[in-house]
Amino acid sequence: DLPAMLTVCLHPLFSFHSVSSLTFFFVGSLWFFSRQFIQNITGAAKVVHVGHSEGTMQGFAGYQNPDVASKVAVFVALAPVAYIGHLGSKFLVNLAKLDVAGIVSLLGFKQFLPSTALIHDVAEIACDVSDKVCNDAMCALMGCDPNNWNQTRWDVFASLDPAGTSVQNMVHFQQGANKDNWCYMDFGYFGNKDHYGHHDAPCYDLGKVNLPIALFSGGQDDLADPTDVARLKQELPASSIVYQYNINYYSHLDFIWGLDAYHVLYPQVLQVIQKYQPIPGTVSRG
């Protein structure tokens, strides 16, 4: 037997068209086929969603649909993201303020930092020359605790990240960072009328997210900033938050790359899953 689990691990540099358009995709075909596949294999009535970064944002948006939320036993949100108005990454803040993605869009490009062999080759060469170059670049993007990462694996990290995204996705993220809101893509006065039927882009409503949610946050996370996470918690229904766990020294990627994640994080994640969707052959610790 296998646990019924849907893992969505995305961040702004690895995504689809945009957060709002992926939400419809998530609620529609992606969610339907993923859930059907998992349920056919496991026989479970509900699935567990473990998301990281933008993978949590898709959940917070998609689970405003009660039919979709009803199919999830528990939503485990690692480095939870909705609002990004308090980004700690100066690099990303400056990208947003300078409207770099908007400029790239005007130039006719559709991809932002596309995942190409050339980019990864350059990154791997730079890592081979100096681990400090890789360390500084990754920390500038997302913050980090180098002592909690396997620094002999920088070339592997560089071969996987950044993985690229759409320019529209980055434009959408810029809007959230600059306006400190969490709304659908703003296409402008007339564009919004075409897309939404009115001139303003609608905003998401976290108060409609009704399902068990476990929030795992980091005190040094420059993308899921503690101030933004606190706002997220405040707007979610109190009854939906069934578990909260903050690791003071964790940055954004410690949740997936941290050397100590196997004993300071993952046991708690499994404990939550075991409570809401018991895993065959294991014993719950609480």
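**Close-up views of the predicted model**

View 1. Tyr262 is exposed, as its relative accessible area is 60%. In this predicted model, Tyr262 belongs to helix α13, which spans residues 261-264. Together with Ile256 and Tyr266, Tyr262 makes a nonpolar surface patch of about 310 Å².

**View 2. The salt bridge between Lys179 and Asp186.** The closest N and O atoms of Lys179 and Asp186 are 2.8 Å apart, and the two residues form a salt bridge. Lys179 counts as partly exposed, with 44% relative accessibility. Asp186 also counts as partly exposed, with 25% relative accessibility.

**View 3. The salt-bridge network of Asp180, Arg231 and Glu235.** These three residues, Asp180, Arg231 and Glu235, are linked in a network of salt bridges. Asp180 is partly exposed at 27% relative accessibility, and Arg231 is partly exposed with a relative accessible area of 27%.

**View 4. The salt bridge between Lys71 and Asp67.** Lys71 and Asp67 form a salt bridge in which the closest N and O atoms are 3.0 Å apart. The count of salt bridges comes to four.

**View 5. The protein chain as context for the close-ups.** The chain comprises 14 helices and seven strands. Of its 286 residues, 49% count as buried. Its accessible surface comes to about 13,600 Å², of which 59% belongs to carbon and sulfur atoms.

Methods
Residues numbered from 1 in each chain as written. Predicted model: local features only at pLDDT ≥ 70, side-chain atom pairs only at ≥ 80, totals over all residues. Heavy atoms only, no water. Patch = residues over 30% accessible without salt bridge, like charges linked within 9 Å, V, L, I, M, F, W, Y side chains within 5 Å. Areas by Shrake-Rupley, 256 points an atom, 1.4 Å probe, with all protein chains shown as cover. Salt bridge = Lys/Arg side-chain N within 4 Å of Asp/Glu carboxyl O. Helix = DSSP H or I, 4+ residues; strand = E, 2+ residues; numbered from the N terminus. Buried < 20%, exposed > 50% of the residue type's maximum accessible area, 1.4 Å probe, protein only.
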